[in-house]
Amino acid sequence: MKKSIELFITAICFASAGFFSANAASCSNADLIKCLDSACSINIGLNPATRCQLCGTSQAGAPENAGLRSLSIGTSSRNTLSDTELKSAPTDPGKRYAWATDECIKKISGCVADDVSNVYDKLIEQSCKAAGISAEMNSLASALNKTKNSNTCSSEMQICLTGKKHCTSDFSTCEQDSDFNKFFSSCAAEADGCDTFISSIRTDLISQRDAAIKGQDTLLSNIVQSYQSKRENGLKSAEDSCKNNKAREDCIKNVCQNNMRNKCAVGYGSEKSMATLLCKFYDTACERLK
């Protein structure tokens with residue numbers, strides 16, 4: 001009797017295990033594709049390249065339908081992303097795919113990022129082939145997490161940090177370390193795949209900032225010196241022009257040559273007198289320089 005009870009309990013355990021296993025949540029590929037298509041597909045039947053254009057690569061060109069929320073699905077459901085949700089979707093294809101991945105694995109129970117890659121990477125690759133793109137699309141789901149090289153990261157960080165909303169091109173709004181750190185942190189948060197290089201990039205950009213600030217002081221000094229030299233040279237030139245009435249005589253000669261019909265020739269004293277009167281201001285100017 002005892003043995004019969006043990007067998008009965010064992011049978012119940014196996015039956016229970018089978019019941020719960022059969023009812024365990026599993027990822028529905030159909031629902032997952034439907035959700036991803038709501039972000040990555042516009043009229044796929046009319047435009048086979050749409051998945052590549054929206055969630056593959058910008059090299060495939062812009063979607064024919066500019067309205068990114070006009071879905072091929074037609075109507076939204078619990079397995080698709082709504083118009084309201086799609087307002088937050090990035091327009092960059094790689095970022096849009098990563099965003100759609102996060103949203104759909106939250107919406108479709110039992111699905112993880114690997115499921116997205118398994119069922120949707122090949123669909124995007126097919127779409128890219130339809131668009132004439134030959135680039136390999138083996139790891140699109142993790143595109144944002146790929147490590148970039150140091151030059152790319154440094155360039156992206158410098159462009160961001162020296163933008164009008166941050167330090168500006170001359171670092172004038174980042175003279176204080178607190179301001180620099182605030183803007184640098186903001187740019188670092190946007191530099192996906194650059195974590196490995198952030199520390200060295202920060203050191204380089206601080207050096208650039210310090211050099212720019214020091215350069216401003218030097219530049220200002222050079223500008224002051226330039227204007228001072230210009231004034232001094234101008235004064236010396238004016239003084240030289242006044243010696244022996246040189247400036248006035250040159251003026252009379254030019255007026256006679258360019259403005260008098262007879263060039264102030266002998267016998268046309270009235271022309272010479274008029275030219276002398278027109279150049280009289282040199283006498284006044286030179287008198288003030290004495």
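**Cores and rings in a predicted model**

This model is predicted. Its largest nonpolar core has 26 residues, and those with the most contacts inside it are Leu32, Leu36, Ala39, Leu81, Trp99 and Tyr120.

Q: Which helices each supply at least two residues of this core?
A: Helix 2 (29-40), helix 3 (50-55), helix 5 (93-107) and helix 6 (113-130) do. Helix 6 gives the largest share, six residues.

Q: What other core lies apart from the largest one?
A: Another core has 18 residues, among them Cys153, Cys174, Phe184 and Cys194.

Q: How many aromatic pairs are there?
A: The count comes to three.

Q: Why is the pair Phe180 and Phe184 called stacked?
A: Ring centres must lie within 6.5 Å, and planes under 30 degrees apart count as stacked. Here the centres are 5.9 Å apart and the planes are at 15°, so the pair is stacked.

Q: Why are Phe180 and Phe184 separated by about one helical turn?
A: Because they are four residues apart in helix 8 (residues 177-190).

Q: Are Phe180 and Phe184 buried or exposed?
A: Phe180 is buried, and so is Phe184.

Q: How do you know that Arg209 lies over the face of Phe180?
A: The CZ of Arg must be within 6 Å of the ring centre and within 35 degrees of the ring normal. Arg209 is at 5.3 Å from the ring centre and lies over the face of Phe180.

Definitions and conventions: Residues are numbered from 1 along each chain as its sequence is written. This is a predicted model: local features need pLDDT of at least 70, side-chain atom pairs count only at pLDDT 80 or more; totals for chains, interfaces and linings use all residues. Side-chain values use heavy atoms; hydrogens and water are left out. A nonpolar core is a set of buried Ala, Val, Leu, Ile, Met, Phe, Trp, Tyr and Cys residues joined through side-chain atoms within 4.5 Å. Buried means under 20% relative accessible area, exposed over 50%, partly exposed in between (1.4 Å probe, protein chains only). Rings of Phe, Tyr and Trp (its six-membered ring) pair if their centres lie within 6.5 Å; planes under 30 degrees apart count as stacked, over 60 as edge-to-face and the rest as tilted.
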